[in-house]
Amino acid sequence: MRYTRVVLVIAAFTLSLAARALGQRGAGPQAPVFEPAAVERGKNTFFVNCGFCHGANARGGDGGPDLIRSVLVVDDEKGKELGDFLKLGRPDKGMPSFAKLVPEQISDIATFLHSEIYLASNRRTYEIGDILVGDANAGEVFFNGAGKCRSCHSATGDLKGIGTKYDPVTLQGRIVMPRGQRGGEDGGRSGTPEPQGAVSTVTVTFPSGQSYSGALVRVTDFDVTLRDSSGGIRSFTRNGDSPKVEIKDPLQAHIDMLSKYKDADIHNLTAYLVTLK
Amino acid sequence: MTITKHLRAVVLILAPLGVFGQKGLDPSALLEPPIDTWPTYHGDYSGRHYSPLKQIHSANVKNMSLAWIYRSNFGSAGAIVGGEGADEYVGGSIKAIPLMVNGVLYFSTPDNAFAVDARTGREIWHYFWKTKGGIHIGNRGMGMYGNWLFFETPDNYLVSLDATTGKERWHKLIADVKQEYFSTPAPLIIRNHVIVGMGGDSLDVPAWLESRDPETGEIQWKWNVTPRPGEPGSETWPDAYSMEHGGGMPWQPPTYDPDLNLLYVPTGNPNPVMAGQSRNGDNLWTASIVALNPDTGKMVWYFQCSPHDTHDWDATQVPILFNGVMNGRQRKLLAQVSRNGFFFVLDRTNGQNLLSKPYLESANWYKGIDAKGQPIRDPEKDPQVAGILVSPGSSGATNWQAPSFNPDTGLIYVGTSQSYAMFYLTDTDAHPQGYGAAERGAGNAGNFLRAIDYKTGNLVWKRATTVGAQGLLSTAGNLLFGSDGAGNFIAFDPKNGKPLWHASLPMNPSNAPQTYMLDGRQYVVVGAGDSLYSFYLQQ
């Protein structure tokens, strides 16, 4: 957990650098930067001085409010408002003064609290827990039976070693979203790349009988574009049913399964696939 | 004498006195169907996105061609610069629907506002706002009162500009950006009220709608989306703390019935967004449609679209107002094609539910419909640590983009997505925070432009698209304007969805088109990416 958070902070820092390099063009506000050592020091200082009332995770405890949702903390700038507040405390509500804390300690506590607020409010940092709750044997039965996985895949062929190639969450994503995880909260920017063999193919046939085939690049009601075996692009205008356009999506079976899965099927299948070493 | 007539009389008396900002938009224009103006985000108060114009019609639309293109320049260069912050954000796309008043188009994007000549597409002025931050996801555009313009910024200011010059009159703080509020709505003007909403889902903050004085910017009233302890609705929350942090952001421009004097506000999802364990209950008035008195901010009725939502399905889709026959009676109706995959029709005089019907075949999260017409959620489809597969994903069966109601066909047109997503509960604490869950997009069983019969909720036709939610406009010229998601701006036959005309743009349209008459010619204007595209019939 601790290690992951440090990695996240480093990731946030890298993102912020990237945003600066882009001159914020289209990037929105910059990701904040939290020095990992300061976060760690602040966490310890917080635990010793504040944790008893506000909880070790600052979400509130015996008598002390949740500080992740505290307007005073959220609005604090680098410990300044927090430091002013801690000098006096809130005696009317039973909170003593913390004037004994030196400025470096207050700065560290502020860094810790602001990083916790960032982690709570930035869903891209959320860590998915243990998803391996399924029954691998039931998953194997599903793989060979109702899931029809075996009509395209083989546990000893194309899927051999899949359990070591991907972590469980990515693997589960491959089952329900084989094209790579587009959509979701980040529009797929963190998604996995398109796997080989996942591209739709198209055949365009004219009334004369002449036809063209290749990888589908684009299709609308008015045009269709393909990449042929030479790697070149060919585009055609469409007028109703002419020319005839036939598209084959090799992943259609995955799409068709979405309305058929029970959640247990997905859990079991994931549990089975991680065993394919 | 109806209230509308009263209003017009008041307007006629007051207008010459200059209380509406000397010139500019005659407020009575807001009470009429949009013809030679497009005076508000929705075109009129009804939210129908329907124009009575028919110079361009289904038989001649094949001759429609480009009038002009305006490419906006986001950023401070050459602009009138304002703002409280130090940062210059440059980016975004035109998610506004431009106003058109007296031959000038007015629209905004995050941190930018523009006036453009509606005849020529040439820029008249550009205002730029230096930001303190906030999520720069979009801006729906401006509101206009006399000669004063109003728009909201991502760092939560209401900014008022002089429409003639683009110079700032004042700006007022709406909410605190550090608490993760950000503001996207187009303000709605009702008489001397500027109706202002906001957004922000990330830090479990309270939501409200407010009304401000168009001259001074001072607050006239606030309506809290979640109740306070002891108030009606508080029984749908476990405690005061969960209400205070319950969210429900009203970020869609509302609609309004002048005769009933009711403002229809669709509200956002509750907080924490996807982890519901600290807010057991229905969580009123989140994910609801509420009717408010716009003079007092008092609630008159409500209908909840998603009791205890756990999938980020705010009900902030347009409440569409029209009159029609339901259950054998002529009624004043309100229809919403909601983000959770349900189509609702209400009696807008009292909120009575007349029809609730799922329109998304793939929706798998509900067990039925209760006696009030509200969907009954299946708790097994709440986010779980190990993940559950839900349709639609959090971006919804549809979203904020404007649908269209066409009184000539009796059909509601809407862009939809049969998306799926895995929802993983990540915060198992008794008091989770923020979203509390992670989402990973799954496959999609198909995006469609759909035509829905309001009387039955039945699908009349659908057409495959590569985009789900999309902005739409229908006209008395027997036309429906929309897109296919692949960059084609299309005029469809509203009766059957057949394309009658199209133009391929560099970017797909980013919200609904609008239309107006100017010098005897009908223009159709649509925003796509950083540009406005204007079309008319060649003469």
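The model is predicted, so local features need pLDDT of at least 70 and side-chain atom pairs count only at pLDDT 80 or more, while totals for chains, interfaces and linings use all residues. Residues are numbered from 1 along each chain as its sequence is written, and chains are lettered from A and ligands numbered from 1 in the order in which they are written.

I begin with the sheet. In chain A, five strands form an open antiparallel sheet in the order β4-β3-β2-β1-β5. Strands are DSSP runs of E of at least two residues, and helices are runs of H or I of at least four, numbered from the N terminus; two strands pair if DSSP finds at least two bridges between them. β4 (233-237) and β5 (244-248) of chain A are the edge strands, each with a single partner, so one side of each has no neighbour in the sheet. Strand β3 (residues 223-227) of chain A pairs with β4(A) over five bridges, and A:R227 stands opposite A:I233 in β4(A).

Next, the helices. The axes of α2 (residues 36-49) and α6 (residues 103-121) of chain A come within 7 Å and cross at roughly 100°. Axes are lines fitted to C-alpha atoms, for helices over the stretch in contact, with angles from 0 to 180 degrees between N-to-C directions. α2(A) and α6(A) are therefore roughly perpendicular, a term for angles of 65 to 115 degrees.

Finally, the contact between the chains takes 47 residues from chain B and 45 residues from chain A, where contact requires C-beta atoms, placed from the backbone, to lie within 7 Å. On the chain B side, β29(B) gives the most, with seven residues.

How values were computed
Two residues are in contact if their C-beta atoms, placed from the backbone, lie within 7 Å. Angles under 35 degrees count as roughly parallel, over 145 as roughly antiparallel, 65 to 115 as roughly perpendicular and the rest as oblique.
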